[in-house]
Amino acid sequence: MAVPSGDRAITSRPASLAAASARELTKVYGSGQTTVEALKGVSVAFGKGEFTAIMGPSGSGKSTLMHCLAGLDTASSGIVTIGATELTGLSDKKMTRLRRDRIGFVFQSFNLVPTLTARENITLPLDIAGRRVDPDWFDLVTDRLGLTDRLRHRPSELSGGQVQRVACARALVGRPEIVFGDEPTGNLDSRSSSEVMSILRASVDEFEQTVVIVTHDAHAAGYADRVIFLADGHIVSDQRGLTPDDIYDYMKHLDDPQQPARVN
Ligand SMILES: Nc1ncnc2c1ncn2[C@@H]1O[C@H](COP(=O)(O)OP(=O)(O)OP(=O)(O)O)[C@@H](O)[C@H]1O
């Protein structure tokens, strides 16, 4: 398995090419004494065909940012776009259609359906949407994910890594504009975790997919082109070409500012 290297630095892309963006995003939970400001004015754009990892200490706002970007939660203020579509003000029906047709999800909480085979789970979102499954693309994705001989199995007959690969295939098979992953390697051992990250990497390199993940894992984040660090509801660092060691150091620095950071 290739070890991620830090030599994938690429230059910024024009905002007009953004697959998704947030502008001055704020999110406030609760009211009165229990108010929590989870996002305090976050602005960021994700270039098409780019792989971004969002990192930061627990409670820094990572999941909130991803959920707002993916139309799973609404921001308190600010603007979110997917492609040219502004999410603010979309009706529930339009939002559901946008999530279904234009976004792929690799979320721990979005489990596979236990009674369906791997194949049926992978095509389920397209089947629900009444969209045709492109057989060549299905074969390519499942072959690349090493699932060809597992397609008749039900989730209970698959390993944790295979389940997560099925979740990746399900996210990729509809060729969404953007794939969001919330801790896509969360419960996996290091081998399965590397497999899933290589696949997301390959989907960017080979299929020009745009991928944004939230992760606590510096090794996983080392597969990304770009790493965004959040702390206390703000973006505190946005860098390309980091190695897992750079990322690990910076995470230590965020947890304890006395620790020097090799990158800033
Ligand atoms: N539904 C909610 N109601 C109230 N507060 C919330 C809610 N969801 C998140 N928060 C608070 O918002 C802040 C940001 O939470 P968020 O889950 O985005 O952080 P995170 O960086 O993803 O954390 P973790 O790494 O632990 O998953 C935290 O203080 C959290 O307690």
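pLDDT is the predictor's confidence in each residue, from 0 to 100. Helices (H or I, at least four residues) and strands (E, at least two) are DSSP runs, numbered from the N terminus. This is a predicted model, where local features need pLDDT of at least 70, side-chain atom pairs count only at pLDDT 80 or more, and totals for chains, interfaces and linings use all residues. Residues are numbered from 1 along each chain as its sequence is written.

**View 1. Confidence along the chain.** The chain averages a pLDDT of 88, and 91% of the residues score at least 70. Over residues 1–15, pLDDT stays under 50. Where pLDDT is low, the predicted coordinates should not be read in detail. For the complex, the predictor gives an ipTM of 0.98 and a pTM of 0.88.

**View 2**

**View 3. The open sheet.** Four strands run in the order E2-E1-E4-E5, with antiparallel pairing (at least two DSSP bridges between two strands). E2 and strand E5 (85–86) stand at the edges with a single partner strand each, so one side of each lacks a neighbour in the sheet. Strand E1 (residues 18–29) and strand E4 (residues 77–82) pair over five bridges. Ala22 stands opposite Val80 in E4.

Definitions and conventions. Contact = placed C-beta atoms within 7 Å.
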